[in-house]
Each structure stands twice: as structure tokens, then as C-alpha cells.
Amino acid sequence: MRAATIPNLASTEAHLRPYRLPARCGVTFRFGPFSVDPLTRQLLRGGQEVSLSPKAFQLLLLLVETRSRAMSKNELQQQLWPSTFVLDTNLAGLIAEIRRALGDTAEEPTFVRTMHRFGYRFIGDVQEVADSRISGEPVAKYWLVWENKQVPLSEGENIVGRGVDASVWIDAPGVSRHHARIVVREGTATLEDLGSKNGTYVGGHRVTIPHRLTDGDRVRLGSVVITFRIPQAPGPTETAP
């Protein structure tokens with residue numbers, strides 16, 4: 001998914017400015033019987049969700065958004081696992097997961113084509129549909145932001161840590177492989193520590209029992225401070241004077 005430049009919300013501001021959804025969240029991508037919804041982070045077929053791991057969904061969305069060209073393995077790895085080394089088998093495993101979800105094959109691809117000794121390209125016929133939800137009431141969606149990074153949280157369990165299989169991947173000193181878990185369910189987000197070596201803290205207090213997060217909560221994991229945000233839907237564009 002494309003990185004977006006955002007304010008450093010880890011600063012000690014008395015009042016946090018409303019966090020707004022990235023512009024690409026206002027588009028749903030449709031191809032064949034499938035649709036990819038960046039807002040809910042779901043792959044749908046006929047309105048029914050098709051199961052994909054968070055990393056596989058991120059890869060699929062990246063390929064769909066960049067479908068005008070092929071993407072190299074190195075470029076994809078940098079997008080999915082920035083500043084770390086991973087084996088090609090990690091990427092190939094995600095591609096295989098996507099193909100199973102789409103009913104696609106490497107031999108006769110309909111959606112994802114392997115570019116021999118280079119990378120992959122999405123070849124399906126895609127229609128972009130504007131999402132009417134963006135112009136209405138704010139959608140209950142949660143994000144973690146730190147430095148110039150932003151990661152949306154999916155419904156259900158989100159593992160935060162240094163492991164390449166983590167939903168929220170943070171490669172930093174003091175962060176455990178599976179450091180913490182944020183469970184999003186029924187309109188709430190709950191933070192739990194997973195027995196990490198250096199602990200998980202919210203507002204300077206160590207998390208020892210499940211902690212319900214609120215907008216602007218600063219969460220410290222090892223040397224990293226991340227901010228939990230509940231975004232507001234984009235409003236109308238203001239006219240410059």
C-alpha cells in the first residue's frame with residue numbers, strides 16, 4: 001500500500017488534530033466476481049468475505065493499485081517489509097495465498113501473473129468505484145501511526161511486533177517478535193501485552209490486563225512510541241481565498 005506523509009502524532013501535543021482517512025480509501029476496486037475494499041481491508045466475492053491474512057491483503061491491494069506495471073520482488077519486499085531482509089519464499093507464500101483466494105493459478109493466470117526472474121503484475125480488468133461511505137458519517141476504523149508510517153487495524157486480532165508475520169510490523173530495538181495484540185471487535189479496540197520482554201505501556205502505565213484504547217492513546221513498545229487514532233472521514237474541500 002502506498003505510504004502517506006502524515007504529521008508526527010507521537011509528539012506531546014495537548015490536543016491532537018483529527019486524523020483523516022487517506023484519499024485511496026474512497027475507492028473500491030472490482031475485478032471479475034471480486035472486490036477489494038481498502039476501507040474495511042476486505043476481499044469480497046458476491047458480498048461475502050474471502051479470507052486473507054493482513055499481509056496477503058496488503059500485497060493484493062498493492063498489486064491492484066500498481067496494475068499499470070509489473071513490480072519487482074525487491075520493490076514488493078521493501079513495501080511489505082521495509083528495512084529488513086526476508087527470503088523470497090515469504091513473498092511467494094503470500095502470492096500463493098492470494099491465488100488460492102482468487103481461484104487463480106500460476107500456469108494460466110487470470111489475475112496475478114509471474115514475471116519470470118523479475119516479480120509480479122496484476123493483469124485483471126479492474127473497475128474503480130467511488131465509495132459513498134466516505135462522504136457520509138465517519139466510519140469506525142482504527143489506525144496506528146508513528147513517524148511517517150500509518151497502519152490500519154483489521155476487524156479481529158492484530159498482532160504487533162517484529163516478526164514478519166505480524167499484522168503491524170515494527171522492526172526496532174526492544175520490540176518482541178509478537179509483542180502485543182490489538183483486538184478490534186464490535187466498535188472497540190482492546191490492547192493486550194503478549195508476554196513481551198520489555199512490556200507494553202499506555203500513558204506511562206504498563207499494560208497487565210486488556211486495555212481499551214481511545215483516540216490519541218500513546219502506546220510504547222520497546223523504543224517505539226505509536227499513537228492510536230480513530231479517523232474522521234474527509235470533509236468537503238475548502239476553497240482558497
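## Ground rules and overview

Two strands are taken to pair if DSSP finds at least two bridges between them. Strands (E, at least two residues) and helices (H or I, at least four residues) are themselves DSSP runs, numbered from the N terminus. This is a predicted model, in which local features need pLDDT of at least 70 and side-chain atom pairs count only at pLDDT 80 or more, while totals for chains, interfaces and linings use all residues. Residues are numbered from 1 along each chain as its sequence is written, and side-chain values use heavy atoms, with hydrogens and water left out.

With that settled, here is the protein as a whole. It has three helices and 19 strands. Of its 241 residues, 45% count as buried, where buried means under 20% relative accessible area, exposed over 50%, and partly exposed in between, with a 1.4 Å probe and protein chains only. Contact means heavy atoms within 4.5 Å; among contacts between residues at least 6 apart in sequence, 51% join residues at least 24 apart.

## The antiparallel sheet

Let us start with an open sheet of five strands, whose order is E4-E3-E2-E1-E8 and whose pairing is antiparallel. Its edges are strand E4 (48–50) and strand E8 (127–130); each has a single partner strand, so one side of each lacks a neighbour in the sheet. From one strand to the next, the twist averages 35°, with axes being lines fitted to C-alpha atoms (for helices over the stretch in contact) and angles running from 0 to 180 degrees between N-to-C directions.

Now walk across the strands. Strand E1 (residues 27–31) pairs with E2 in the antiparallel sense over three bridges, and phenylalanine 29 stands opposite valine 36 in E2.

Rings of Phe, Tyr and Trp (its six-membered ring) pair if their centres lie within 6.5 Å; planes under 30 degrees apart count as stacked, over 60 as edge-to-face and the rest as tilted. That rule gives six aromatic pairs. One of them, phenylalanine 34 with phenylalanine 111, is edge-to-face, at 5.8 Å centre to centre and 90° between the planes. Phenylalanine 34 belongs to strand E2 (residues 34–37) and phenylalanine 111 to the loop between helix H3 (88–102) and strand E6 (112–115), so this pair ties together parts that are 77 residues apart in sequence. Both rings belong to one aromatic cluster formed by Phe31, Phe34, Phe111 and Phe122.

## The buried face of helix H2

Which residues of helix H2 (residues 73–80) are buried? They are Leu76, Gln77 and Leu80. Looking down the axis of H2, these buried residues fall within an arc of 100°, so they line one face of the helix; the arc is that of the directions from the helix axis to the C-beta atoms. Their cover includes helix H1 (54–65), strand E5 (71–72), H3 and strand E7 (119–122).

## The mixed sheet and a charge over a ring

A further open sheet holds five strands in the order E12-E11-E13-E14-E17, with mixed pairing. Strand E12 (168–169) and strand E17 (211–212) are at its edges, each with a single partner strand, so one side of each has no neighbour in the sheet. Two bridges join strand E14 (residues 188–193) to E17, and the two run antiparallel. Threonine 190 has arginine 212 in E17 as its bridge partner.

Finally, arginine 220 lies over the face of tyrosine 201, at 4.3 Å from the ring centre. A charge sits over a ring if NZ of Lys or CZ of Arg is within 6 Å of the ring centre and within 35 degrees of the ring normal.
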